[in-house]
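I opened the notebook to record what I looked up in one structure. The entries follow in the order I made them.

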Amino acid sequence: MSTDPTMERIGEGVELHHRQGQREAARELFEQVWDDIGGEQGDPLHVCVLAHSMADVQDDVREELMWDLRALAAADLITDERVAEAGVTLSVAGLYPSLHLNVSDCCLRLGEFDRARQHLERARAQIGALGDDEYGRLIRGGLERVADQLGEAV
């Protein structure tokens, strides 16, 4: 359970989107949180998790990619100590497979196949940071799906 109020608000947005199907309401909440944290100048953990979540509620793949790239850049500034302090159970290394998967998927949908392959390989290289749990299986399944689609795009 998160002990970080901003992370809790982001979690509320994720809940709105993924469990309640309220995509627009989630996007509005994420926009409020983005403003509250000071955008890209905010705490890198908040920027990363919020941008990662914000990408999921975009209608345009280019906007989605922009948010995914923000999340990826912010991840480079996060420490494991900060993650633990916020009550997040993943290590920083555990963030990268999903972040690279999302960038790869966006690039694939944009027809940027070489770039998609680069991020797919980065995700695969870091997949060992994830456990054999529901989340790890979700990310591995996503990697397989993108790899299959990239194979078909050749």
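I first noted that the expected span of a helix is 1.5 Å times one less than its number of residues. Helices here (H or I, at least four residues) are DSSP runs, numbered from the N terminus. The model is predicted: local features need pLDDT of at least 70, side-chain atom pairs count only at pLDDT 80 or more, and totals for chains, interfaces and linings use all residues. Residues are numbered from 1 along each chain as its sequence is written.

**Helix α6.** I checked α6 (residues 96-109): its 14 residues should span 20 Å, and its end C-alpha atoms are 20 Å apart, which agrees. Is α6 enclosed or open to the outside? I found 13 of its 14 residues buried, so the rest of the structure largely encloses it. Buried means under 20% relative accessible area, with a 1.4 Å probe and protein chains only. Just after α6, I noted Gly 111 with a positive phi of about 80°.

**Whole protein.** I counted 8 helices and 0 strands. The radius of gyration (taken over C-alpha atoms) is 15 Å, close to the 15 Å that the globule rule (2.2 Å times the number of residues to the power 0.38) gives for 154 residues, so the protein is as compact as a globular protein of that length. Of the 154 residues, 47% count as buried.

**Contacts.** I took contact as heavy atoms within 4.5 Å. Among contacts between residues at least 6 apart in sequence, 62% join residues at least 24 apart.

**Box.** Along the principal axes, I noted that the C-alpha atoms fill a box of roughly 45 × 30 × 30 Å.

Key: Heavy atoms only, no water. Helix = DSSP H or I, 4+ residues; strand = E, 2+ residues; numbered from the N terminus. Buried < 20%, exposed > 50% of the residue type's maximum accessible area, 1.4 Å probe, protein only.
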